[in-house]
Amino acid sequence: MGTLSYIKNFLKDRQVASITPTSRFTIERVCRHIDFDRDLRIIEFGPADGVFTKVFLEKLTPGSGIIAIETNGDFARSLRNYEDERLSVVNQSAEDVREIAAARNWDRVDYIISGIPFSFLNKEIKHKILQESADLLGEQGLFLGYQTSSHLKSHLQEYFPKVETEMEYLNIPPMCVYRAGK
Ligand SMILES: C[S@@+](CC[C@H](N)C(=O)[O-])C[C@H]1O[C@@H](n2cnc3c(N)ncnc32)[C@H](O)[C@@H]1O
(Lines give C-alpha, C1' and ligand atoms only; values in the text may rest on other atoms or scores of the structure.)
Protein backbone atom coordinates (compact mmCIF):
# COMPACT_ATOMS: atom_id res chain seq x y z
CA MET A 1 0.00 0.00 0.00
CA GLY A 2 1.05 3.67 -0.09
CA THR A 3 1.62 5.86 -3.16
CA LEU A 4 1.02 3.04 -5.67
CA SER A 5 -2.37 2.15 -4.21
CA TYR A 6 -3.34 5.85 -4.12
CA ILE A 7 -2.45 6.24 -7.82
CA LYS A 8 -4.38 3.07 -8.77
CA ASN A 9 -7.45 4.11 -6.78
CA PHE A 10 -7.21 7.75 -7.93
CA LEU A 11 -7.33 6.64 -11.58
CA LYS A 12 -10.56 4.71 -10.93
CA ASP A 13 -12.13 7.02 -8.34
CA ARG A 14 -11.53 10.78 -8.44
CA GLN A 15 -13.01 11.19 -4.94
CA VAL A 16 -9.69 9.75 -3.71
CA ALA A 17 -8.38 13.25 -4.61
CA SER A 18 -4.71 12.51 -3.95
CA ILE A 19 -1.95 10.43 -5.48
CA THR A 20 0.17 10.23 -2.38
CA PRO A 21 -0.49 9.65 1.35
CA THR A 22 -0.35 12.54 3.83
CA SER A 23 3.15 13.09 5.23
CA ARG A 24 4.17 12.04 8.73
CA PHE A 25 4.75 15.73 9.51
CA THR A 26 1.08 16.52 8.86
CA ILE A 27 0.01 13.45 10.86
CA GLU A 28 2.15 14.62 13.81
CA ARG A 29 0.69 18.12 13.52
CA VAL A 30 -2.86 16.74 13.72
CA CYS A 31 -1.96 14.37 16.60
CA ARG A 32 -0.63 17.29 18.69
CA HIS A 33 -4.24 18.35 19.20
CA ILE A 34 -5.42 14.96 20.47
CA ASP A 35 -5.26 13.96 24.13
CA PHE A 36 -4.31 10.28 23.81
CA ASP A 37 -4.04 9.76 27.58
CA ARG A 38 -7.77 9.07 28.05
CA ASP A 39 -10.25 6.69 26.44
CA LEU A 40 -11.46 8.32 23.23
CA ARG A 41 -14.10 7.90 20.58
CA ILE A 42 -12.72 9.00 17.22
CA ILE A 43 -14.44 9.09 13.85
CA GLU A 44 -12.16 9.28 10.83
CA PHE A 45 -13.47 10.47 7.45
CA GLY A 46 -11.52 9.29 4.37
CA PRO A 47 -8.82 7.13 5.97
CA ALA A 48 -7.77 5.57 2.60
CA ASP A 49 -5.36 2.75 3.50
CA GLY A 50 -4.93 3.99 7.07
CA VAL A 51 -1.92 6.27 7.15
CA PHE A 52 -3.51 8.17 10.11
CA THR A 53 -5.47 5.18 11.45
CA LYS A 54 -2.29 3.17 12.05
CA VAL A 55 -0.77 6.00 14.15
CA PHE A 56 -4.02 6.44 16.10
CA LEU A 57 -4.13 2.72 16.93
CA GLU A 58 -0.54 2.89 18.21
CA LYS A 59 -1.33 5.87 20.46
CA LEU A 60 -4.86 5.10 21.69
CA THR A 61 -5.68 3.45 25.03
CA PRO A 62 -7.16 -0.09 25.00
CA GLY A 63 -10.56 1.35 25.94
CA SER A 64 -10.74 3.71 22.94
CA GLY A 65 -12.48 3.21 19.60
CA ILE A 66 -12.28 4.45 15.99
CA ILE A 67 -14.95 4.36 13.32
CA ALA A 68 -13.26 4.79 9.93
CA ILE A 69 -15.66 5.89 7.18
CA GLU A 70 -14.33 5.39 3.65
CA THR A 71 -16.25 5.46 0.34
CA ASN A 72 -13.60 3.67 -1.72
CA GLY A 73 -14.16 -0.11 -1.55
CA ASP A 74 -10.50 -1.08 -2.17
CA PHE A 75 -9.29 1.15 0.64
CA ALA A 76 -12.04 -0.04 3.00
CA ARG A 77 -11.04 -3.68 2.32
CA SER A 78 -7.36 -2.96 2.99
CA LEU A 79 -8.23 -1.20 6.26
CA ARG A 80 -10.05 -4.31 7.47
CA ASN A 81 -6.65 -6.06 7.49
CA TYR A 82 -5.73 -4.14 10.64
CA GLU A 83 -7.67 -6.66 12.76
CA ASP A 84 -7.83 -4.42 15.81
CA GLU A 85 -11.05 -4.69 17.79
CA ARG A 86 -10.96 -0.95 18.53
CA LEU A 87 -11.33 -0.23 14.80
CA SER A 88 -14.62 -0.40 12.94
CA VAL A 89 -14.43 0.18 9.15
CA VAL A 90 -17.51 1.38 7.29
CA ASN A 91 -17.61 1.48 3.46
CA GLN A 92 -20.03 4.41 3.27
CA SER A 93 -19.93 8.20 2.90
CA ALA A 94 -19.24 10.66 5.71
CA GLU A 95 -22.62 12.18 4.88
CA ASP A 96 -24.14 9.21 6.80
CA VAL A 97 -22.08 9.89 9.94
CA ARG A 98 -25.04 10.42 12.28
CA GLU A 99 -26.64 7.11 11.27
CA ILE A 100 -23.28 5.26 11.38
CA ALA A 101 -22.52 6.53 14.91
CA ALA A 102 -26.07 5.77 16.11
CA ALA A 103 -25.79 2.18 14.85
CA ARG A 104 -22.87 1.77 17.31
CA ASN A 105 -24.67 3.63 20.12
CA TRP A 106 -22.21 6.53 19.90
CA ASP A 107 -24.18 9.68 20.73
CA ARG A 108 -21.01 11.75 21.41
CA VAL A 109 -17.50 11.60 19.99
CA ASP A 110 -14.27 13.26 21.08
CA TYR A 111 -12.63 13.92 17.73
CA ILE A 112 -13.57 13.81 14.07
CA ILE A 113 -10.53 13.65 11.80
CA SER A 114 -11.27 14.45 8.19
CA GLY A 115 -9.23 14.10 5.01
CA ILE A 116 -12.14 14.02 2.57
CA PRO A 117 -11.99 16.49 -0.33
CA PHE A 118 -14.68 18.95 0.80
CA SER A 119 -14.20 21.10 -2.30
CA PHE A 120 -15.50 18.19 -4.45
CA LEU A 121 -18.75 17.89 -2.48
CA ASN A 122 -21.93 19.74 -3.33
CA LYS A 123 -23.18 22.36 -0.89
CA GLU A 124 -25.95 20.20 0.54
CA ILE A 125 -23.70 17.22 1.32
CA LYS A 126 -20.91 19.43 2.69
CA HIS A 127 -23.33 21.07 5.10
CA LYS A 128 -24.99 17.78 6.12
CA ILE A 129 -21.56 16.39 7.04
CA LEU A 130 -20.59 19.49 9.03
CA GLN A 131 -23.95 19.77 10.82
CA GLU A 132 -23.95 16.10 11.86
CA SER A 133 -20.27 16.36 12.89
CA ALA A 134 -20.94 19.43 15.07
CA ASP A 135 -23.91 17.65 16.72
CA LEU A 136 -21.83 14.54 17.50
CA LEU A 137 -18.89 16.52 18.87
CA GLY A 138 -20.97 18.53 21.32
CA GLU A 139 -19.30 21.19 23.51
CA GLN A 140 -16.01 19.39 24.19
CA GLY A 141 -15.14 17.71 20.90
CA LEU A 142 -12.80 18.84 18.14
CA PHE A 143 -13.07 18.60 14.38
CA LEU A 144 -9.56 18.23 12.92
CA GLY A 145 -9.43 18.50 9.15
CA TYR A 146 -6.58 18.55 6.64
CA GLN A 147 -6.97 19.84 3.11
CA THR A 148 -4.68 21.17 0.41
CA SER A 149 -6.81 24.32 0.18
CA SER A 150 -7.98 26.80 2.81
CA HIS A 151 -11.57 27.01 1.54
CA LEU A 152 -13.02 24.90 4.39
CA LYS A 153 -12.57 27.61 7.03
CA SER A 154 -15.66 29.66 6.16
CA HIS A 155 -17.83 26.51 6.05
CA LEU A 156 -16.55 25.34 9.44
CA GLN A 157 -17.28 28.76 10.93
CA GLU A 158 -20.99 28.23 10.23
CA TYR A 159 -21.02 25.32 12.73
CA PHE A 160 -18.14 25.94 15.11
CA PRO A 161 -17.48 29.24 16.94
CA LYS A 162 -13.73 28.58 17.16
CA VAL A 163 -11.86 27.72 13.96
CA GLU A 164 -8.09 27.87 13.62
CA THR A 165 -5.81 26.92 10.76
CA GLU A 166 -2.12 26.13 10.45
CA MET A 167 0.01 25.15 7.47
CA GLU A 168 2.27 22.13 7.17
CA TYR A 169 4.80 22.73 4.39
CA LEU A 170 6.52 19.34 4.77
CA ASN A 171 3.78 17.73 2.73
CA ILE A 172 3.34 17.41 -1.03
CA PRO A 173 1.44 19.64 -1.69
CA PRO A 174 1.51 21.79 1.49
CA MET A 175 -1.41 20.99 3.77
CA CYS A 176 -3.78 23.25 5.69
CA VAL A 177 -4.75 21.75 9.07
CA TYR A 178 -8.05 22.94 10.56
CA ARG A 179 -9.07 22.83 14.21
CA ALA A 180 -12.72 23.56 14.94
CA GLY A 181 -14.57 23.43 18.25
CA LYS A 182 -17.09 25.19 20.44
C1 LIG B 1 -7.09 12.97 0.09
S2 LIG B 1 -7.49 11.27 0.46
C3 LIG B 1 -6.85 11.20 2.13
C4 LIG B 1 -6.43 9.82 2.47
C5 LIG B 1 -5.64 9.61 3.76
N6 LIG B 1 -6.43 9.89 4.93
C7 LIG B 1 -4.36 10.39 3.80
O8 LIG B 1 -4.25 11.24 4.68
O9 LIG B 1 -3.48 10.16 2.98
C10 LIG B 1 -9.26 11.37 0.69
C11 LIG B 1 -9.94 10.06 1.06
O12 LIG B 1 -11.31 10.35 1.35
C13 LIG B 1 -12.15 9.36 0.74
N14 LIG B 1 -13.46 9.99 0.55
C15 LIG B 1 -13.82 10.90 -0.40
N16 LIG B 1 -15.08 11.31 -0.20
C17 LIG B 1 -15.53 10.66 0.92
C18 LIG B 1 -16.76 10.67 1.65
N19 LIG B 1 -17.78 11.44 1.27
N20 LIG B 1 -16.87 9.89 2.74
C21 LIG B 1 -15.83 9.11 3.16
N22 LIG B 1 -14.65 9.03 2.49
C23 LIG B 1 -14.50 9.81 1.39
C24 LIG B 1 -11.39 9.00 -0.54
O25 LIG B 1 -11.80 7.74 -1.06
C26 LIG B 1 -9.96 9.01 -0.04
O27 LIG B 1 -9.57 7.77 0.51
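**Backbone features and ligand site of the predicted model**

Proline 173 lies in the loop that runs between strand E6 (162-168) and strand E7 (175-181), where helices (H or I, at least four residues) and strands (E, at least two) are DSSP runs numbered from the N terminus. The peptide bond joining isoleucine 172 and proline 173 is cis, with omega about -10°. A further backbone feature concerns alanine 48, which has a positive phi of about 55° although it is not a glycine; alanine 48 is found in the loop between strand E1 (41-45) and H3.

The model is predicted, so that local features need pLDDT of at least 70 and side-chain atom pairs count only at pLDDT 80 or more, whereas totals for chains, interfaces and linings use all residues. Residues are numbered from 1 along each chain as its sequence is written, and side-chain values use heavy atoms, with hydrogens and water left out.

The ligand sits in the largest pocket, the criterion being that more than half of its atoms lie within 2 Å of the pocket's grid points. The residues lining this largest pocket comprise 22 nonpolar, 15 polar and 3 charged, with Ala, Val, Leu, Ile, Met, Phe, Trp, Tyr, Cys and Pro counted as nonpolar, Asp, Glu, Lys and Arg as charged, and the others, Gly among them, as polar.

Around the ligand there are 23 residues, of which Tyr6, Thr22, Gly46, Glu70 and Tyr146 are the closest, a residue being included if one of its heavy atoms lies within 4 Å of the ligand. By class, this shell holds 13 nonpolar, 9 polar and 1 charged residues. Polar contacts are pairs of N or O atoms within 3.5 Å; within protein, one must be able to donate a hydrogen and the other to accept it, and residues adjacent in sequence count only if both atoms are side-chain atoms. A polar side-chain atom of threonine 22 is 2.5 Å from an oxygen atom of the ligand, while a polar side-chain atom of tyrosine 146 is 2.7 Å from a ligand nitrogen atom.

Key
1 Å grid on protein atoms, 1.4 Å probe; cavity = no way out; pocket = protein on both sides within 12 Å on 5 of 7 lines; lining within 4 Å.
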